[in-house]
Amino acid sequence: MARTTPSNRGNRSPVNVRVGRSFGDVMKALFAFLALASLVVGVPLSLALFIGWPLPESMPDADTLTQEIDTDAFLGFLGVLVWLAWAQFTACVLVEVRAAVTGVGIPRRVPGAGPSQMLARQLVSALLLLTSATAAITPGLSSIPSFLDGSGGGTPVAEAERTPGQHAGGPGGGATHVEPAVVLPDGAGDRAGEEAEDPTKYYRIQPPEGRHHDTLWGIAERHLGDGLRYKEIFQLNKDRVQPDGSRLSEASLIRPGWILQMPADATGGELVEAPYELEEVSAEEAEEISEYAQSGDTGPGPGPSGDGPEPTDPPERDGERGAGSGGPDAEQADLTGPAGGGSGTADLTFDTGDGGATTEAAQEADEGGFGLPEALMTAPLLAAGLLVALGRTRRNALWQSAAGVLGRTVGDGLTPGSANAFNARDALLVGADPQAVAFLDRALRQLSAGLDASGRVLPSVYAAWLSETELHLQLSAPAGSPPSPWQLGQADTYWTLERSQLPPPPPGDDEAPPEAEAPYPGLVSLGTREDLRLLLNLEAVPGLVAVTGARADREAVLTSIAAELATSGWSDRMTVTLVGFGEDLTVLAPTRVRHLADIAGLLEVMETETTLRRSALRHTGQESILTGRTGPARHQQWAPHLVVVGAPPTEEEAERLAGLATISAPLGIGYLVSADRTDLPGTAWEFDVAADGTLREPVMGLELAAQRLPAAHRAAVVELFTELARGARGADEGELPSGMAFLVDLSERGKPEVYAQLMGGYDVSGLSDPEPARAGQLREALAMLLLHREGVHPRVLAASLWPRGVSDDVRDALIERLRQWLGDCEDGTPRLVVTEDGRLTLARRVVSDWDVLRTLHFQAVARAASTPAPARKRQLADALSLARGALLEGQRAEGRFAWLEHEIVDAQYPLLVADIALTLAQEQLGSGEAEQAYTAVRTALAAAPMDERLWNELLRAAHGTGREEWLTGAADWLVSHHRQLFGENQALPAQTEALLDELLPNWRVTS
């Protein structure tokens, strides 16, 4: 039950922390130094002085083995054993010192050196106790929010769980108050005269020191010599009332200023022995320790072998779970956002006016999918990113085809090769929300630019909640008011932006560089609740993020996250490392995603990278990569490195991963791990995915509909990319080439009944004019079908014509009107056909100039060997005559034909025209028709003005005419054309310059 803590016990005032060192601490450090010096230096000197070289000076023979062992041989044998023990202990000391000084990872285990390494750890810890290096023996979290350590306003957890978009106050305008579960004692009178029979040791949890935060693991490591003994500390202090009124209920959640009773064998200058040392601390601290002693058993506590029930929470490493959090009644670093749903909290809702997506609605959507993968249709950000990546890969495949690398022609449509891939492509088209991606990207960059302009740094963000109308950033700590148009949300840890308040980009500014670096590239979708999508910032997580559940379910979640990170549109440079799974996913973004086979290889790489990144931050004077993304340091381009581990780690691997993760947040490194157990060390947040797709984080009371990419859908998505790198399919005589679903019958017998001109405008003949009010939509639908002769899924058609969504009945009404407008063929068959898989396609007698162009190109280029030269030249000339201008020129205003952004046709059209012109020009130059070749190239340049191959062919054709004025005119036009495209300072391509130097040596003077 959430409650408001008493004001006199809140965390608004600084916590008094005893930092002095006693005389006993100094003596312990001196003893540790002498012991280390004796063991590390004295032992080898004594061995060398008294025993000497213990091994025989010559190779022993058979007689030596049968001789009686004398005193010298026995001493030599003992000397060898002591030398080995010394070497092992020295290695332990070096390992412990390195961990203490560098702060990178948990100290590695030296094989067979359990007691020796424990002794080395105790001595090194005692020696470093008087310095700040002790805090780095097991590094703490570097990104725990300051509001967790008490610098905030003492807001109860109910506020942290309030839905983004709601006001902070209830009906009365203030915080919600309920009766506390426990009445706090007033601390008067009852303590007088009471003393513990034996001294009891207490520890005051320290406030953050730089980026280091106290944790139970770190406290046990420093004062008990073994981090695993955190469980003893937890049991001694569980459910006892702390000075701020909170209670320790989870081993992973502690707060600065709290008091902990320690086991009897705890050592260290930060401890206070009650009642004998209370006079050495301030009166306020002495009173709080005395009061705390009354809240539980004040016995000296168990020693190293003390047993008792273990906490149910996962073991806490240094920096786990948020080292500044309290129990259920305190502030927590949760991500509950909307509808907190935690134990004992109000069931808050978030209403944007659109209503939440119910299970019933989801089922209806699935039924309307006609076999399309629902997982892709319900992941709008992932689908949009995959579409952009797929378009980029298809363009690369086209350019490679133009260069003759793939063995296919530029006329291939690059359509999916299997039904599963086809369905995956259509699901991406239906589910993608590029406007949401653009809003998220522009909103975050605008925020970064606004903060930079006012000299402020980026706040640490744990998560973002995205709806159709708003974006909520959940900060790790209050950071004041955001720059306009952002506003404070329902609490001071929420910044909110309404989509309508974000200024639109300047017209024609699509190619301009962004106004700021991508500030939070580590945001990635976890799932949805009602109409809100949760994006977790993997960069800022203070430790590991673990995903538990059945193996297939875990991998489906990890695959979705990996794919979205690989293709996200709100990031710049990034490295995504997949470990133990997902090697096939590297094709999504080969320059961003890499694969490692196992965790052992990952640890070796990341330990080195962690050290290098820490050094780079120190060199630039930055506290974290986040602070380096604004201001003068932004040009360093602090790229994140996000690691997704699909193979459950072993115990040793888990400990080393935990050590790296505890210091990863300021370095821009995040770790997401698939776990087959619930006690993975170093875990900050643990999400469990159920078979029904529900994703839960029990500590925060968070429940989502998980975003997943199951194995079958993943294979289909990967196929979309991998098949583009393969050669052409179906290239045998009589078969259609890959990606071509339709060839026009160019004989008189195949004369079309309906003909559409798409190049240079849009005109349809053979049909009556449609109703004016619906003409635009019907003509756009027809154009889409003409450019997709393989068929268009009804849901793809609807998503293309109504990007913001449309009901099924409106979609079906449009299809019926389209069917009526197209009518029937002369043989009585309908011109709009529904295939077996439910897709819409056109009859063969409905033809466009684009169909004719591709058919002529196929016959003249792909089937050139079987076509006589005169016929081939005639086909090429006919094809070139069709290229009258840009595709659908003048038709794309007022939001029409926006779906072409995801089509390959805009990139294919200029390459196809250029390929036709180049082939025709070479044929004509070969037969002495240089002027005709020159004309053909100039015609193609209208459709492909940036094709360097056409520039060079234009110069060759002009030179082939034998007229110097033609060559000079071509050179002048080319230089002027290049300047108009790229500016005065951009040099001509190297091959073009070399060709000009060869054909027209004085071109630099004349041009």
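**Legends to close-up views of a predicted model**

The protein chain comprises 28 helices and 22 strands, where helices (H or I, at least four residues) and strands (E, at least two) are DSSP runs numbered from the N terminus. This is a predicted model, in which local features need pLDDT of at least 70 and side-chain atom pairs count only at pLDDT 80 or more, while totals for chains, interfaces and linings use all residues. Residues are numbered from 1 along each chain as its sequence is written, and side-chain values use heavy atoms, with hydrogens and water left out.

Figure 1. The average pLDDT (the predictor's confidence in each residue, from 0 to 100) is 78, and 75% of the residues score at least 70. Residues 1-21 stay under 50, and the model has 58 contacts for them beyond four places in sequence; contact means heavy atoms within 4.5 Å. The pLDDT is also below 50 over residues 131-163, a stretch with 137 contacts in the model beyond near neighbours in sequence. Of the 1007 residues, 53% count as buried, that is, under 20% relative accessible area, as against exposed at over 50% and partly exposed in between (1.4 Å probe, protein chains only). Among contacts with a separation of 6 or more, 75% join residues 24 or more positions apart.

**Figure 2. Packing of helix α6 against helix α7.** Helices α6 (residues 216-223) and α7 (residues 230-237) pack at about 115°, their axes lying 8 Å apart; axes are lines fitted to C-alpha atoms, for helices over the stretch in contact, and angles run from 0 to 180 degrees between N-to-C directions. Helix α6 is therefore roughly perpendicular to α7, a class covering 65 to 115 degrees, whereas angles under 35 count as roughly parallel, over 145 as roughly antiparallel and the rest as oblique. From α6, the residues making the contact are L216, W217, I219 and A220, and from α7 they are Y230, I233 and F234.

Figure 3. I259 lies in strand β2 (residues 259-261) and is buried, with a relative accessible area of 1%. Leaving aside residues up to four places away in sequence, I259 touches Y202, Y203, R204, N237, Q242, P243, E288, I289 and Y292. R240 is 19 residues from I259 along the chain, with 9.8 Å between their C-alpha atoms.

**Figure 4. Position of N420 in helix α12.** N420 belongs to helix α12 (residues 419-431) and counts as exposed, at 54% relative accessibility. Its C-alpha atom is separated by 8.7 Å from that of V717, 297 residues apart along the chain.
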